[in-house]
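Here is a short report on side-chain contacts and backbone angles. The structure comes first, then the contacts.

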Amino acid sequence: VQAQLMRMAGLAEEMVEIAATAMVERDKESLSILKETDSRVDALEVALDEHILELLALQQPMASDLRFLFTALKISNDLERVGDHAVNLGRAAKKMAKRRPMEDLTELSEMASITREMLRDALSAFVRRDVDAAVAVCARDDTVDDLRKSLFRILVTHMFEDPKTISPALDALRAAQSLERIADLATNISEEVVFLVTGSSIKHGGTLPDHDRE
């Protein structure tokens, strides 16, 4: 199960890298690759779901094994959604590449960098069962949210001052929304790592007991 999940993870991480690079470098040729890879991620999710359901039915796992399978199902779904948002980011990047670029939007580039790091670190935390690394990923989600809000204010100002910027600004907002969603999913994966290792949930403001870190 873990091997199947890591194949999905590798493809999803690759998709985010391709889409983010296409956005930054104004590459309009990457969308077809993203769609093809997304189909592979979807197929892996279906196969993994079937595998896990078979294990649950035939082997009736208990305790830590059951918790692992439960977590794997959730992470698999998160990775499938990462792939979907990477495709959406690729679509926005393609539109952005066809228009005259706006002035340097550093917030968007910074969002892309942090989001890629969050996904990479969340998956690494899963492989290593590293609770502290997972919690650190969750803490970075607020930074991405703040950057998206700042970018929104900047782009709205541009649109009011110059109507010609409306279309490129909307493309940038769509890209930012996709990045924010991917960061949210990286946070979900990290929260699921904490649950896998400790049995404690930190979702929805939950806190991790000190003894679970030891």
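A search of the whole structure finds 1 aromatic pair. Two rings of Phe, Tyr or Trp (its six-membered ring) pair if their centres lie within 6.5 Å; planes under 30 degrees apart count as stacked, over 60 as edge-to-face and the rest as tilted. The partners are Phe70 and Phe195. Their geometry is edge-to-face, with 6.0 Å centre to centre and 70° between the planes. Phe70 lies in helix 3 (residues 63-98) and Phe195 in helix 6 (residues 166-198), so the pair ties together parts that are 125 residues apart in sequence. Helices here are DSSP runs (H or I, at least four residues), numbered from the N terminus.

This is a predicted model: local features need pLDDT of at least 70, side-chain atom pairs count only at pLDDT 80 or more, and totals for chains, interfaces and linings use all residues. Residues are numbered from 1 along each chain as its sequence is written, and side-chain values use heavy atoms, with hydrogens and water left out.

How exposed are the two rings? Phe70 is partly exposed, with a relative accessible area of 44%. Phe195 is also partly exposed, at 24%. The cut-offs are under 20% relative accessible area for buried, over 50% for exposed, and partly exposed in between (1.4 Å probe, protein chains only).

Phe195 has a further contact. The charged end of Arg67 sits over its ring, 6.0 Å from the centre. A charge sits over a ring if NZ of Lys or CZ of Arg is within 6 Å of the ring centre and within 35 degrees of the ring normal. Elsewhere, Arg129 lies over the face of Phe126, at 4.7 Å from the ring centre.

Next, the salt bridges. How many does a search of the whole structure find? The count is 11 salt bridges. Each is a side-chain nitrogen of Lys or Arg within 4 Å of a carboxyl oxygen of Asp or Glu.

| Salt bridge | N to O distance |
|---|---|
| Arg116 and Glu17 | 3.1 Å |
| Asp171 and Arg174 | 3.1 Å |
| Glu180 and Arg181 | 3.4 Å |

Arg116 lies in helix 4 (residues 106-128) and Glu17 in helix 1 (residues 2-25), so this bridge ties together parts that are 99 residues apart in sequence. Arg116 is partly exposed at 22% relative accessibility. Glu17 is partly exposed too, at 39%.

Asp171 and Arg174 both lie in helix 6, 3 residues apart, about one turn of the helix. Asp171 is buried, at 1% relative accessibility. Arg174 is partly exposed, at 42%.

Glu180 is buried, with a relative accessible area of 9%. Arg181 is partly exposed, at 31%. Salt bridges that share partners also join Glu117, Arg120, Asp121 and Arg140 into one network.

Finally, the backbone. Gln60 has a positive phi of about 45°, although it is not a glycine. Gln60 lies in the loop between helix 2 (31-59) and helix 3. At 59% relative accessibility, Gln60 counts as exposed.

Ala63 also has a positive phi, near 50°, and is a residue other than glycine. Ala63 lies in helix 3. Is Ala63 buried or exposed? Ala63 counts as exposed, at 63% relative accessibility.

Key: Helices (H or I, at least four residues) and strands (E, at least two) are DSSP runs, numbered from the N terminus.
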